[in-house]
Amino acid sequence: MAVMQSSPCKVILQRTGSSLRKITSGDVFYRGPSMAAKKAAQGQKEEEGRYRHTVNLPKTTFGMRANALVREPEIQKLWDEHQVFKRVVDKNDGGNFVLHDGPPYANGVLHIGHALNKILKDIINRYKLLRNYKVHFVPGWDCHGLPIELKGKYHLDCCLCSLRCQMTLSDPNLAATANPRDLYIGHGVLLLPPPFLQSLDQDAKKDLTSLNLRAMAAKFAKETVKAQMSSFQRFGVWADWNNPYLTLDPEYEAAQIEVFGEMALKGYIYRGRKPVHWSPSSRTALAEAELEYQEHHVSRSIYALFKIVTAPSTNDGSLEEFFPDLCLAIWTTTPWTIPANAAVAVNARLEYAVVEAKLLSENVPTSAGNEKRRLGNVLKEPKKPFLIVALDLLPTLETKWGIKLNIKKTLFGSDLENCRYAHPINNTECPVVVGGDYITTESGTGLVHTAPGHGQEDYVTWLKYGPKKLGSLYSPVDDDGKFTEEAGQFKHKYPYDWRTKKPTIFRATEQWFASLEGFREAAMDAIGHVKWIPAQAENRISAMISSRSEWGLPIPVFYHVTSKEPLMNKETIDHVKSIIAEKGSDAWYYMTVKDLLPEKYRSKASEYEKGTDTMDVWFDSGSSWAAVLGKRDSLSFPADLYLEGTDQHRGWFQSSLLTSIATKGIGVESINPVTRGRAPYSSVLTHGFVLDEKRNKMSKFLGNVVNPRDVIEGGQNQKEASGYGADILRLWVSSVDYTDDVTIGPNILRQMSDIYRKLRGTLRYLLSNLHDWDVENAVSYHELPMIDRHALFQLENVVKNMREGYESYQFYKIFQIIQRFVTVDLSNFYFDVAKDRLYVGGTASFTRRSCQTILAAQLLSLTRVIAPILPHLAEDVWQHLPFKYTTEDGSVAKFVFEAKWPALNDKWLEFPAEEIDFWGKVLELRTEVNKVLEVARTEKLIGSSLEAKVYLHTSDVSLASRLLEMCPAGNDADNLHRIFLTSQVEVVSSLGNELVETIQHSGEYLVGEDRVWIGVSRAEGSKCERCWNYSTQVGSFVEHPTLCSRCFNVVVADTQLMPPMAAVTI
């Protein structure tokens, strides 16, 4: 028996052959009452808009445009004036959360990497605030070291130019005759730029005291801290800005001296001679993390022959038959290290050949182009030497040298060990040794010139054989690191000083080092107890801790004038620490040795001199756990989280770990002894570097640098590069997977702006439709229509999943969740469907109140869950709330971060599984209905979707029954035609030929696993003037002949023509 239901909502198998354009659930044609009211408001005829006063249009002062350049500073001022950060922290009672800030260099303007780093930290801190934690975030700055010293020198150069110009204007003769030294000393100007320093004579240079140099560096650092702090605040970062930590503060320096002293007394600090990366341009040693590698560096390279003087017997005979003309052939890209040669290394497993050289041509073009590679004089002699080279490299060497190499004998590298050759410079005998796997046949000759004073691998080989066989470390290269121009060129990857962008060299120098020996096992154990995000850690056996910079914390050591033996013990360290704690590290430079020594040693003060080395910046920042976490009452050890770039695995993370393990919590008196000796952090999060949109490294030369200030405020040409505001920058940070290198550029920022605009529009929709909302009007959960309960289920899942994203620091997942929720679940469906009951359902109607109940929940939850990422937007929304929000303790949340994270609502999550499945099918069905409606509109059958009637049929009895129930739904909100935005829906149990033939547009679609036939025809009845729905009841009411029954009830109720309870029911 066919069941027909003629109410505004009715079921339909396929009329195949329809070509349907795919559209989304948001492609609807409903306009209705809001459009009518707008037209009336724009001055149309009165009779066309006589019911406009009965339509509840959205109302809010919250703008669609962010106007971020004005509004964000206003919001930040609001936070500052009300001390919102402190206010929330003081009120929270959920325990402490300490994210310890890694100090950036105070040496210039902030770059996009700084923005990524600080915004990530702020997102975490703000989330923890919402989770009721007492968040303590003390910003820090690294104020020592060459980065700042070099900037100070540049600043002085500018001062010099300015001063000379002023003098020229006032007295040209004075400017021409004045001593530059006197000018600078007189005006207190300090650090001189390298060009100017080089122009001074030795006496002038002596007058440029360390104190003067340090004063300028300190001034520059403090000015930079102030500028960087302002930029961080503009990013929207909350911190204890009034009490930052600076590594130049006396209390910090004293704590650092304490850490150094404890390590020294335990034997972990030693002074040794070891090859390190030396920067001639900076005139200092560099740590690995201070290097950057240039892919196309050009080095001079040479091939050289070392004559063998003695050889052990081999397995198949002696090499002596080739004497005295047998030579080892080596190749090096660092000819300047030849004087320091101590051995030639071979690979024991490689096969080598004794070859005889036959000259083919005088000059042979190189493969690189027209340049000629000159043959050495040895190969031009009539009698050619016998050479030992790797067998596999013979073809390559023949091509490069332009000679024929005839094999006379082959042997393994192990057979060459203990051969001795004459040093090419001083003619002393040196050995052939077995090196490591670094000796290959990829380039060179297979024999490696070994200078332990100039290379790490060479140094390891030196340690293997010892100084008795290879001699002491020898590195006869001065600070300028220059070598001859005679050799050829070789392009390869080479380490550069990251500050000066100039090449470095390996050079053995006297430095202070921190060794892992003695606490290596404890350090490795501590690493295993740290949560690494992502899981990775990098360990180095020893770390260099000294530097040749003038600007830094001096190593508190005295040297005997004659023997050069260091004097450093507990008494001297404690005494220097007490002086620095009171007077700062400048005291080391202006106080005499006698005053710096404790009473016990003052009688011998004339026998000692002060050391000139300063602690490396990695040791500076690596002591921050003791100087900050261990000294401030609000903080605790270990920190909950350290967060920096991936380069800090070999930098701050490592130095912090090693100093903490080595000193067992020195300076942290409040720590339980059980926790001493552990890492200073419970978790470590690292992020990648920022590249441009093409994944290229940013550089001024390429013109692809993205300045965070320009992103926020706009460039010089506002028309071409307008500012986006801080929230767009923060949204970008949340969108990227920071565990790898991330990209940014104009196109990406425009995408972020579009997404932000959609989110702001969503929040504006919520605000505007709650303008008359009162919590007393809320509808209880069990009374809500099913569509509204499903909306709450979706909302609670979003909040739950976003919480998991915050907890795991996977912010890009949050970005994806919120983007889908706003676009698909809200804008394309719930908001679209809700407009009808919000605008024309009646001010006090049940369906409008139930909808507002949902909108209020969505607004309050959505605003809070986005607040860590988009704090300005969230606060802007909160300040426009049309109602007060009361927290669980009864207080009114005046600011969004006082409202806390949305409490978990288990009831909303208990939405029945069968209902979840059914509403999933309803949403799919709505998408398919829209496809047929689109075809009908294209074929001019309908204009608006409200002009349509939809027919549905499915053979699935259960689905058909549920759809049938939603035609005369118990409430108007769950009615199918409201969900489809059509005037009627009819569910039919069977398809007759007559019905199918009368339906002009139809199709069969798969909804879940069920096939559903969908047809569309013109709606029945006439158009309601107020809601634009079509109804057969239009014309039934004498007083209001142009209204449908629903609108009649609303109008009558609003005008009090009859009691609301007597209204006509649908």
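A polar contact is a pair of N or O atoms within 3.5 Å; within protein, one of the two must be able to donate a hydrogen and the other to accept it, and residues adjacent in sequence count only if both atoms are side-chain atoms. The model is a predicted one, in which local features need pLDDT of at least 70 and side-chain atom pairs count only at pLDDT 80 or more, while totals for chains, interfaces and linings use all residues. Residues are numbered from 1 along each chain as its sequence is written, and side-chain values use heavy atoms, with hydrogens and water left out.

**The chain as a whole**

The secondary structure comes to 36 helices and 36 strands. Helices (H or I, at least four residues) and strands (E, at least two) are DSSP runs, numbered from the N terminus. Of the 1066 residues, 55% count as buried; buried means under 20% relative accessible area, exposed over 50%, and partly exposed in between, with a 1.4 Å probe and protein chains only. The chain has an accessible surface of about 47200 Å², and carbon and sulfur atoms account for 50% of that area. Accessible areas come from the Shrake-Rupley method with a 1.4 Å probe; for residues, only the protein chains shown count as cover.

**R848**

R848 is placed in helix α29 (residues 846–866) and counts as buried at 1% relative accessibility. Not counting residues up to four places away in sequence, R848 touches N56, H771, D772, R837, L838, G842 and T843, where contact means heavy atoms within 4.5 Å.

Helix α18 (residues 570–583) has 14 residues and reaches 20 Å from its first C-alpha to its last, close to the 20 Å expected at 1.5 Å a residue. The expected span is 1.5 Å times one less than the number of residues. T572, I573, H575, V576, I579 and I580 are the buried residues of α18. Seen down the helix axis, these residues fall within an arc of 165°, so they line one face of α18; the arc is that of the directions from the helix axis to the C-beta atoms. An α-helix has 3.6 residues a turn, so residues three or four places apart point the same way. The buried residues of α18 pack against α11 (250–265), β23 (558–560), β24 (566–567), α19 (587–590) and α20 (593–596).

At the N-terminal end, α18 is capped by N569, with a side-chain oxygen 3.1 Å from the backbone nitrogen of E571. Just after the helix, G584 takes a positive phi of about 85°.

In helix α15 (residues 456–465), the buried residues are D458, Y459, T461, W462 and Y465. Viewed down the axis of α15, they fall within an arc of 160°, so they line one face of the helix.

**Strand β28 and its partners**

Of the 7 residues of strand β28 (residues 681–687), 6 are buried, so the strand is largely enclosed by the rest of the structure. Strand β20 (residues 531–533) runs parallel to β28, joined by 3 bridges, and W532 stands opposite V684 in β28. Strand β27 (residues 639–645) also pairs with β28 in the parallel sense, over 6 bridges; L643 has L685 of β28 as its bridge partner. Two strands pair if DSSP finds at least two bridges between them.

G688 is in the loop between β28 and β29 (690–691) and is buried, with a relative accessible area of 6%. G688 and G645 are 43 residues apart in sequence and 5.8 Å apart in space, C-alpha to C-alpha. Leaving aside neighbours within four places in sequence, G688 is in contact with L116, T646, Y738, D740 and D741.

**Backbone features in loops**

Two cis peptide bonds and two residues with positive phi are tabulated below.

| Site | Backbone value | Loop |
|---|---|---|
| I533 to P534, cis | omega near -10° | P534: between β20 and β21 (542–544) |
| F637 to P638, cis | omega about -5° | P638: between α22 (624–629) and β27 |
| N67, not a glycine | positive phi of about 50° | between α1 (32–41) and α2 (68–81) |
| Y809, not a glycine | positive phi of about 60° | between α27 (786–807) and α28 (811–840) |

N67 is partly exposed, with a relative accessible area of 49%, whereas Y809 counts as buried at 9% relative accessibility.
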